[in-house]
Amino acid sequence: HYVQDPAWSNDGKKIYYSEPDHQQQYKLMAVSSMGGAPKELKIKHWDWQHKIAKVKVKTLMDGKITPARLSIIDSLGHPLASPIAATYFDSENGRHYFYSDGEIEIEVPHGEIIISAVRGMMGIPEETQFTVSKNSDVEINISEIWNAKEAGYHSADFHLHLNYDGPYRHVTSGIEPLIAGENLDIATPQAANLHNRLMDREFLGETIESSSGALIKFSQEVRSHFHGHIGVIGPNKFYFPWFWGPGYPKLNNGNLSNASVLKFVDSFDASIATYVHPVAFNVDPFNYKKASSIPLEFIPDSILSKELGLELVCAWSDELGTTELWYRLLNIGRPVIAMAGTDMFVDFHRTPAIGTARVYAQQAQEATQWAPYIKAFKEGRSFVTNTPVLLLEIGGKATPGDVIEVGQQNFSLYVTSAIAVENIELIVNGEIAWTGGGMKAEASNTFKGEIDLPEGGWIAARAHGGSTSWPLMDSYPFAHTSPIWINHKGSTDAIAKAKATREIRRALRHIEERARLTYKGDDISVLLARLELARAAITN
């Protein structure tokens with residue numbers, strides 16, 4: 001049971017409350033103020049003050065019934081809610097939305113209604129105006145601008161939460177309609193503490209394959225607030241403790257380190273640890289308030305760890321600010337893995353859609369397979385995005401994750417996007433080396449040219465900037481490929497490396513100052529030792 005909105009009856013003999021059922025529809029309940037079993041109060045009649053009709057909405061792609069995201073408003077602009085599932089609010093675009101398996105019947109008032117439909121970030125939004133005067137059927141043909149599987153890619157959202165004390169309640173399989181409507185292949189809902197209780201422990205170790213073949217693998221977020229939050233993806237056990245650090249009365253232990261979380265993850269096959277929502281603002285984090293926007297342990301962990309992810313795309317952090325952090329680590333030769341996760345809350349009303357941020361990684365198999373997918377994005381055969389598609393090729397054969405030779409090279413960059421993008425760029429060692437301008441919504445283009453590559457380092461493609469509209473629910477369009485390395489993986493350019501090393505050294509000093517000040521004389525020898533090892537590593 002999940003009691004909400006309790007209120008006394010007028011005579012004080014009962015307490016009324018609402019409660020969602022398994023379809024996230026609310027029922028009115030009452031219980032005696034003296035205790036006892038609650039009873040549902042059946043609604044005898046709803047007075048809509050309008051004539052009501054039933055409309056069956058069908059969404060089709062290539063003539064087949066296809067799941068979709070829907071938004072329906074009446075003639076007054078009032079949103080209509082799903083009768084069979086949760087209804088959500090997209091605060092970026094000001095729309096309520098819900099999901100259909102391709103066919104849904106909804107009660108609507110007589111008059112004009114507007115139905116918007118789209119399927120995932122590669123979907124092209126379709127809008128239909130329809131006048132209702134009786135029970136009716138409406139068909140909407142939806143399409144997508146890019147078919148990932150035909151191109152050899154599968155998609156994943158590695159950061160979301162199933163239950164986080166919102167008004168709904170879910171089990172792991174409850175997100176299947178959301179995944180289908182967003183055309184997502186992998187989702188990893190993460191259990192996360194709420195400081196005084198541990199959520200969703202009952203789903204530990206669950207891996208579910210949906211009817212469409214998508215994988216749902218339950219995961220965990222370790223929330224060491226001061227040290228940086230880590231997404232624990234892949235293990236079938238939970239790491240303990242789930243949280244620690246300043247502000248936590250019972251776990252204010254300076255000698256707990258995220259390094260132990262990374263060691264735990266490394267002990268499991270096909271697993272990855274990722275620093276999530278790292279830089280909140282569009283700033284250069286190395287020049288911002290003494291690097292205070294950088295998660296405390298990310299820099300030493302990225303230097304000392306063999307495999308570590310960084311969430312470049314997330315609804316609650318800034319992509320451009322985070323890539324500046326990523327560039328510095330690439331510039332000293334650390335192949336930090338590009339990751340993406342929406343950080344949406346399935347049980348909240350106000351939340352971006354699942355898959356708003358995602359990784360597209362190469363996987364030739366038609367069926368989504370966990371271990372090959374994890375291997376592909378660890379190798380950098382991927383791009384991260386909230387809408388645009390970027391397919392980069394250098395020298396006629398090298399794609400992200402590969403190695404290319406120094407010198408003059410031809411490049412080919414395929415770009416498409418359901419919404420307009422202002423800037424399309426090639427980045428070499430953190431600097432813009434070529435720009436192709438912008439691109440209109442629903443356009444596709446293959447840019448070709450030549451680029452002169454330096455003696456070492458990396459090259460990648462980036463797209464960013466512009467207004468937000470469906471299917472996007474982030475603050476601006478953004479995509480970035482993983483790097484193609486020059487000469488060998490982890491190579492460096494002397495000038496870029498020297499600059500990055502100076503900035504990282506300064507950041508490590510600021511990290512130590514923040515830690516000593518915050519822990520106020522407590523034993524933090526483990527963290528200090530990690531910082532010294534990181535300094536020695538970049539010196540050598």
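**Ground rules.** I number residues from 1 along each chain as its sequence is written, and side-chain values use heavy atoms, with hydrogens and water left out. As the model is predicted, local features need pLDDT of at least 70 and side-chain atom pairs count only at pLDDT 80 or more, while totals for chains, interfaces and linings use all residues.

**Entry 1, salt bridges.** I searched the whole structure and got 21 salt bridges. I count a salt bridge when a side-chain nitrogen of Lys or Arg lies within 4 Å of a carboxyl oxygen of Asp or Glu.

I looked up Glu 40 and Lys 42 and found their side chains joined in a salt bridge at 3.4 Å, N to O. For exposure I use relative accessible area: buried is under 20%, exposed is over 50%, and partly exposed is in between (1.4 Å probe, protein chains only). Glu 40 is partly exposed at 35%, and Lys 42 is exposed at 65%.

I then checked Arg 169 and Asp 165, whose side chains also meet in a salt bridge (3.4 Å, N to O). Arg 169 is partly exposed at 32%, and Asp 165 is partly exposed at 33%.

Asp 402 and Arg 381 form another salt bridge, at 2.8 Å, N to O. This pair links distant parts of the chain, 21 residues apart: Asp 402 is in the loop between strands S28 (389-394) and S29 (403-404), and Arg 381 is in the loop between helix H5 (370-378) and strand S27 (382-385). Helices (H or I, at least four residues) and strands (E, at least two) are DSSP runs, numbered from the N terminus. Arg 381 is partly exposed at 25%. I also noted one network, in which salt bridges with shared partners join Asp 284, Glu 324, Arg 328, Lys 499 and Glu 503.

**Entry 2, sheet.** I traced an open sheet of 5 strands in the order S8-S9-S7-S11-S13, with antiparallel pairing. Two strands pair if DSSP finds at least two bridges between them. Strands S8 (88-90) and S13 (126-132) are the edges, each pairing on one side only.

Within the sheet I looked up S7 (68-73) and S9 (95-100), which pair in the antiparallel sense over 3 bridges. Leu 70 has Phe 98 in S9 as its bridge partner.

I placed Ile 43 in the loop between strands S4 (39-40) and S5 (52-61). Ile 43 is partly exposed, with a relative accessible area of 42%.
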